[in-house]
Amino acid sequence: MSNKKQRIVILNEVELGKTISRLTSEIIEKVRNLDNLLLIGIPTRGIDLAEVIGKELFSKTGLKIRTGIIDPTFYRDDQNRVGTRVIKATDIPTPIEEQEILLIDDVIYTGRTIRAAIEALCSWGRPKRVMLLVMVDRGNRELPIQPDFCGKKVPTSKNESISLCIKTVDNEEGVFLE
């Protein structure tokens with residue numbers, strides 16, 4: 001018997017594409033003024049997902065939506081538990097005052113990454129509104145944070161993990177449970 005964890009496909013490439021299309025339609029419906037929208041990706045896969053969402057929004061509306069990066073590492077209250085990784089430079093292309101910010105992450109679990117990202121974002125100014133898009137909601141929240149846009153809800157246990165793979169980065173596309 002092997003101890004290797006089984007990999008389960010949650011969304012295959014086609015399903016992921018349809019989910020991204022649905023999420024962008026929801027964004028177009030919910031955000032009145034797309035010119036005022038700023039997509040902010042959270043490392044690591046949130047950055048790649050923000051680019052994909054931006055391209056899909058462009059193909060549906062013809063508008064080039066600005067994208068940026070916020071790295072919440074130094075704002076975390078659980079660094080000793082999650083450890084550190086290489087820090088991504090925060091890159092916000094415009095003053096955020098009066099902007100509608102869409103934070104984008106691959107997976108939401110405890111809510112602590114999002115709390116830290118909001119805190120980091122507020123150190124840059126006071127946006128008009130902050131919304132959250134995630135590809136997968138794992139449940140098990142420790143903080144009362146819920147996504148405005150969610151690709152799929154997949155309840156998991158603490159010893160499971162979910163991976164978003166994007167073709168341009170991973171040479172495969174889909175969402176996987178391991």
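Reply:

Leu38 stands opposite Ile101 in S4. This is a predicted model: local features need pLDDT of at least 70, side-chain atom pairs count only at pLDDT 80 or more, and totals for chains, interfaces and linings use all residues. Residues are numbered from 1 along each chain as its sequence is written, and side-chain values use heavy atoms, with hydrogens and water left out.

S2 covers residues 37-41. Helices (H or I, at least four residues) and strands (E, at least two) are DSSP runs, numbered from the N terminus. S2 runs parallel to S4 (residues 100-108), joined by five bridges. Two strands count as paired if DSSP finds at least two bridges between them. S2 also pairs with S3 (residues 66-69), again parallel, over four bridges. There, Gly41 faces Ile69.

How many of the five residues of S2 are buried? Five of five are. Buried means under 20% relative accessible area, exposed over 50%, partly exposed in between (1.4 Å probe, protein chains only). Leu37, Leu39 and Gly41 point one way from the strand. Leu38 and Ile40 point the other way.

S2, H2 and S3 form a right-handed β-α-β unit. Right-handed means that, with the strands pointing away from the viewer, the path from the first strand over the helix to the second runs clockwise.

Now the helix of that unit. H2 spans residues 45-61 and includes Asp48. Asp48 counts as buried because its relative accessibility is 16%. Its side chain makes a polar contact with the side chain of Arg45, at 3.0 Å. A polar contact is a pair of N or O atoms within 3.5 Å; within protein, one must be able to donate a hydrogen and the other to accept it, and residues adjacent in sequence count only if both atoms are side-chain atoms. Leaving aside residues up to four places away in sequence, Asp48 touches Ile166 and Val169. Contact means heavy atoms within 4.5 Å.

A salt bridge is a side-chain nitrogen of Lys or Arg within 4 Å of a carboxyl oxygen of Asp or Glu. An α-helix has 3.6 residues a turn, so residues three or four places apart point the same way. Lys60 is partly exposed at 33%. Glu56 is partly exposed as well, at 23%. Elsewhere, salt bridges with shared partners join Asp77, Arg112, Arg115, Glu119 and Glu142 into one network.

Back to S4, the partner of S2. The buried residues of H4 (residues 112-122) pack against S4 and against S5 (129-137). Those residues are Arg112, Ile114, Ala116, Ala117, Ala120 and Leu121.

Lys30 and Asp148 meet at 3.5 Å, N to O. Lys30 lies in H1 and Asp148 in the loop between S5 and S6 (149-153), so the pair ties together parts that are 118 residues apart in sequence. Arg7 and Glu172 meet at 3.0 Å, N to O. This pair links the segment before S1 with the loop between H5 (167-170) and S8, 165 residues apart. The structure holds 13 salt bridges.
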